[in-house]
Amino acid sequence: MASARSLVAKANNTNVGSLILMALVLGSCIANGEYLGGRRNLAAVAGSATVFDITKNGAVGTGATDSSKAFLNTWIQVCASPTPATLLVPKGEFLAGPVIFAGPCKSKVTVEVQGTITAPPSGYPTPEWFLFEHVDNVVLTGPGTFHGKGEAVWKSDGCGQKANCNLPPTSLKFRNILNLDISGISSVNAKAFHMFLVKTKNVNVKNIKLTAPAESPNTDGIHLSNAVNVHIADSLIATGDDCISVGRGSTNVTVERVTCGPGHGLSVGSLGKYPNEENVAGIHFKNCILKDTDNGLRIKSWGGSSPSTAVDITYEDIMMTNVKNPIIIDQNYGTRGGDSKVAISNVLFKNVRGTTISKDEVQIMCSKSVPCKGISVVDVELNLVGDKGGLGGALCTNANVIFGGKLSFPMCPK
């Protein structure tokens, strides 16, 4: 394998696409004991400060100079450190990307963003702007901002509900990571998803702010896929798609004290879009606020899906203001033909209060092939806003629904 020093030398005369490849190669070099500058310089790194400032590697905080190489070279130093180390993005505006922070690393790594990182409008050979991959024990902290410049691409996005579509890049993707803490950061105008957690375990997200206009397409706040043991709390998400979407294979997820709106609500799914999806279980939303969202509390799956299950899902202590479709299970969200085979069971909607703009406050529309089982709707009191001709009540199709407590609408007929 070429030495890390020779690869970095080549970086000074390469394009961004090659930088991504080199980040992966250099991550492999680090894992195999080859370090930037060789073992002689490793001792110097070990004996110096554990904070590595990107401006020391050539980053310029004017917002006009591409600082991608500086991010890469600083990451190599941080990842190679035998003691916990920090990559510091100081105050200023730094144009950079795409960037891959690849591991494995020698010790715990922290990325501290104090300034603003700005995304280039194009030049993404992979579907993410910042990717953290194969790194354990990672901390991403603020109070800085990732500005995705999504306004430059939203008008050309035509994905909608297409089964096969290449979305613009996600702003922050975390893949194959054990032990991840994210706090204090902001994400503005992501081109597509703000944050994507895939094949991650033991994740804590708190005190973050994700914002984009209501009309921005596919700008999910946080999307989960095969994510296990996830806690999301005390955050504000205002965007153009689901504030939080819990996808296939995700288990033991808790979302609490999150304010959502505008957006498409707090969702489980869509499920069943891809063949042979893993099951979803143990998803709990509590003490959340929804304001002016297109949907409220939603579970959604595709028709014509492979068999899977979604069980033990709770929405509890939710406040709503002017929410459309406040409670909805939709197993006809998308289809390739045929019924959904995602079996949904043991779902609780409890203590949901506030206002809605929808006449039908509860819509439980399940699959004929695998009817929903054990759906409970308890203490749901929502006032209708505007002249809608009176409440329509609840709609139930192919579902075993139990109603209880105080309800502001007529129940489904038995």
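I located serine 270 in strand E19; strands (E, at least two residues) are DSSP runs numbered from the N terminus. The peptide bond leading from glycine 269 into serine 270 is cis, with omega near 10°.

I noted that this is a predicted model, in which local features need pLDDT of at least 70, side-chain atom pairs count only at pLDDT 80 or more, and totals for chains, interfaces and linings use all residues. Residues are numbered from 1 along each chain as its sequence is written, and side-chain values use heavy atoms, with hydrogens and water left out.

Proline 143 lies in the loop between strands E9 (138-141) and E10 (145-147). Most peptide bonds are trans, and most residues other than glycine have a negative phi.

I then turned to positive phi values. Asparagine 276 has phi near 55° and sits in the loop between E19 and strand E20 (280-291). Asparagine 325 has phi near 50° and sits in the loop between strands E22 (308-323) and E23 (327-335).

Which of the two is buried, and which exposed? Asparagine 276 is exposed, at 62% relative accessible area, and asparagine 325 is buried, at 16%. Buried means under 20%, exposed over 50%, and partly exposed in between (1.4 Å probe, protein chains only).

Last, I checked His264, where UniProt, in an unreviewed entry, places the feature "active site"; such annotations may be inferred rather than shown by experiment, and UniProt positions follow the numbering used here, with feature names shortened. Histidine 264 lies in the loop between strands E18 (251-260) and E19 (266-271).

Note on methods: Helices (H or I, at least four residues) and strands (E, at least two) are DSSP runs, numbered from the N terminus.
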